[in-house]
Amino acid sequence: MKTAKDTTRELPNLPKPRGGWREGAGRKKGNWETKLIRVDTRLIEIMEILKEKLRSGAIDEKTIETLTELVA
């Protein structure tokens with residue numbers, strides 16, 4: 001309980017400012033798109049192999065199109 005002599009004030013719990021917009025800040029844009037999906041666990045190993053081959057450059061866009069046509 002506050003008394004007449006108590007000069008302390010309680011400030012609201014406001015968030016501290018984190019600065020404004022800055023050049024080059026935030027997530028960098030890439031040239032690929034990702035999605036979060038549920039996948040049968042039997043397909044995870046295949047997806048990991050394809051992901052590594054894509055990163056290393058062993059698979060190109062034409063190969064991906066061919067694989068897509070095979071499973072369609």
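The model is predicted. Start with the overall make-up. The chain has 2 helices and 0 strands. Its length is 72 residues, and buried residues make up 1% of them. The accessible surface comes to about 8300 Å². Carbon and sulfur atoms account for 56% of that surface.

Now find the helices. α1 runs over 41-56, and α2 over 61-71. Take α1 and check its length. It has 16 residues, and at 1.5 Å a residue they should span 22 Å. The end C-alpha atoms of α1 are 24 Å apart, which agrees with that expectation.

Next, look at the charged side chains. The count of salt bridges is 3. One of them joins Asp40 and Arg42, with the closest N and O atoms 2.4 Å apart. How exposed are these two partners? Asp40 has 33% relative accessibility, so it counts as partly exposed. Arg42 has a relative accessible area of 67%, so it is exposed; the cut-off for exposed is over 50%.

Another salt bridge links Lys51 and Glu48, at 3.4 Å from N to O. Both residues sit in α1. They are 3 residues apart, and therefore about one helical turn separates them. Lys51 is partly exposed, at 34%. Glu48 is partly exposed as well, at 37% relative accessibility.

Arg55 and Glu52 form a salt bridge too, and their closest N and O atoms are 3.4 Å apart. These residues also lie in α1, 3 residues apart, about one turn of the helix. Arg55 is exposed, with a relative accessible area of 62%. Glu52 is partly exposed, at 44%.

Finally, turn to the empty space. Rolling a probe the size of a water molecule over the atoms shows where such space is left. The largest pocket has a volume of about 1000 Å³. Its lining has 22 residues, and the closest to its centre are Glu33, Met47, Leu50, Lys51 and Leu54.

Which helix gives the most to the lining of the largest pocket? The answer is α1, with 9 residues. α2 supplies at least two. By class, the lining has 13 nonpolar, 3 polar and 6 charged residues.

Conventions:
Residues numbered from 1 in each chain as written. Predicted model: local features only at pLDDT ≥ 70, side-chain atom pairs only at ≥ 80, totals over all residues. Heavy atoms only, no water. 1 Å grid on protein atoms, 1.4 Å probe; cavity = no way out; pocket = protein on both sides within 12 Å on 5 of 7 lines; lining within 4 Å. Points joined across faces, edges and corners; volume = space filled by probe spheres on them. Helix = DSSP H or I, 4+ residues; strand = E, 2+ residues; numbered from the N terminus. Nonpolar A, V, L, I, M, F, W, Y, C, P; charged D, E, K, R; others polar. Buried < 20%, exposed > 50% of the residue type's maximum accessible area, 1.4 Å probe, protein only. Areas by Shrake-Rupley, 256 points an atom, 1.4 Å probe, with all protein chains shown as cover. Expected span 1.5 Å × (residues − 1). Salt bridge = Lys/Arg side-chain N within 4 Å of Asp/Glu carboxyl O.
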